[in-house]
Amino acid sequence: MPVLLQAVVASAAWLGGDRQRDVQPDGTETGPYEAWQVVGLGLTLLPPVCWAASRGLVRAAVLGTTADLTAAAFYDWSDDSSGLFLVGVGMVTTGSLVVTAAVAAVTASAARRG
């Protein structure tokens, strides 16, 4: 599977089926995702990003993963009536860009040295 599509598939697998928010005893809501789901998504995306970066495909690893996660978040959250989903999508975009860029840079640097 192309590296650029793995983030969409992984996002759908880890986060796609969870729609239920948890209501806490004080009435606040959390979710719908649990921390372990987001960690699982990140760990699932780590190998393809490292693989692509180690072969010199740093831009594809960073931009492809970021674009895929952004698109998946937008699709999944766009039915939010508050309109705040765009804030969350922006956070996903920024976070995935920063993290994949750092991982890809470290991986590419290690691949050049080794």
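**View 1. The space inside the largest pocket.** The largest pocket of the predicted model holds about 630 Å³ of space. Its lining is made up of 28 residues. Those that lie nearest the centre of this pocket are S11, L15, L41, L69 and V92.

**View 2. Helices around the largest pocket.** Four helices each supply at least two residues of the lining of the largest pocket: α1 (3-15), α2 (35-54), α3 (58-77) and α4 (85-113). The largest share comes from α3, which contributes eight residues to this lining.

**View 3. Residue classes in the lining of the largest pocket.** Sorted by class, the lining of the largest pocket contains 19 nonpolar residues, seven polar residues and two charged residues.

**View 4. The second largest pocket and its centre.** The volume of the second largest pocket is about 360 Å³. A set of 15 residues lines this pocket. Nearest its centre lie R21, P32, D76, W77 and D80.

**View 5. Helices and residue classes around the second largest pocket.** Both α3 and α4 supply at least two residues each to the lining of the second largest pocket. The helix that gives the most to this lining is α4, with four residues. By class, the residues that line the second largest pocket comprise seven nonpolar, two polar and six charged ones.

Key
Residues are numbered from 1 along each chain as its sequence is written. This is a predicted model: local features need pLDDT of at least 70, side-chain atom pairs count only at pLDDT 80 or more; totals for chains, interfaces and linings use all residues. Side-chain values use heavy atoms; hydrogens and water are left out. On a 1 Å grid over the protein atoms alone, a cavity is a set of points where a 1.4 Å probe fits but cannot get out, and a pocket is an open set with protein on both sides within 12 Å along at least five of seven lines; lining residues have an atom within 4 Å of a point. Grid points are joined across faces, edges and corners, and a volume is the space filled by probe spheres set on the points. Ala, Val, Leu, Ile, Met, Phe, Trp, Tyr, Cys and Pro count as nonpolar, Asp, Glu, Lys and Arg as charged, and the others, Gly among them, as polar.
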